[in-house]
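Student: I have a model open and want to go through it before I use it. Can you take me through it?

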Amino acid sequence: MRRAGSTHIFNDIRMAYREITDESGRQWRVWDTYPQAFGGRSVIADGYASGWLTFESETEKRRLAPVPEGWETREAEALLRFLETADGVAPTPRGERPPPLTGAETAPAP
């Protein structure tokens with residue numbers, strides 16, 4: 001099983017990122033998300049307000065809440081166990097996905 005990881009900084013927000021491969025050979029990208037209130041109120045579903053892990057493959061997307069402590073440094077086998085318990089969600093259409101971050105890229109200025 002492959003283990004890769006990195007940390008990206010986007011608009012002064014640090015986000016951990018990992019890649020794992022399940023037993024069938026499917027590759028998954030894993031990252032943590034911590035929502036911020038919009039206009040002073042949260043629009044996040046109950047159970048996800050404290051953040052979640054996103055697991056995304058080419059054909060499937062799942063979320064696990066809350067974010068397991070220390071997930072960034074756990075072995076791939078632990079992340080695969082988290083994946084098994086994560087909730088399935090509709091994947092983002094390919095044409096709407098932003099390009100992946102690489103290295104120390106930052107968003108362009110508006």
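Predicted model: local features only at pLDDT ≥ 70, side-chain atom pairs only at ≥ 80, totals over all residues.

Student: What is the mean pLDDT of the protein?
Tutor: The mean is 77, and 63% of the residues reach 70 or more. pLDDT is the predictor's confidence in each residue, from 0 to 100.

Student: Which elements have the lowest and highest mean pLDDT?
Tutor: Strand β1 (residues 4-10) has the lowest at 45, and helix α1 (residues 76-85) has the highest at 97.

Student: And where does pLDDT stay under 50?
Tutor: Over residues 1-12, for which the model has 40 contacts beyond four places in sequence, and over residues 101-110, with nine such contacts. A contact means heavy atoms within 4.5 Å.

Student: OK, fold. In what order do the elements run?
Tutor: From the N terminus they go β-β-β-β-β-α-β, which is one helix and six strands. These are DSSP runs numbered from the N terminus: helices are H or I with at least four residues, strands E with at least two.

Student: How do β3 and β4 pair?
Tutor: β3 (residues 27-33) and β4 (residues 52-56) are antiparallel over five bridges; DSSP must find at least two bridges for two strands to count as paired. R29 has E56 of β4 as its bridge partner.

Student: Is β3 mostly covered or mostly open?
Tutor: Mostly covered, with five of its seven residues buried. Buried means under 20% relative accessible area, exposed over 50%, and partly exposed in between, using a 1.4 Å probe and protein chains only.

Student: Which residues touch the most others in the largest nonpolar core?
Tutor: I20, V30, L53, F55, L64, W71 and F82, out of 15 members. α1 gives the largest share, five residues. Such a core is a set of buried Ala, Val, Leu, Ile, Met, Phe, Trp, Tyr and Cys residues joined through side-chain atoms within 4.5 Å.

Student: What does F55 contact beyond four places in sequence?
Tutor: Its contacts include W28, V30, L64, L79 and F82.

Student: Last one: how many aromatic pairs are there?
Tutor: One. Y48 and W52 sit edge-to-face, 5.8 Å centre to centre with 75° between the planes, and both are buried. Rings of Phe, Tyr and Trp (its six-membered ring) pair if their centres lie within 6.5 Å; planes under 30 degrees apart are stacked, over 60 edge-to-face, and the rest tilted.

Terms used. Residues numbered from 1 in each chain as written. Heavy atoms only, no water.
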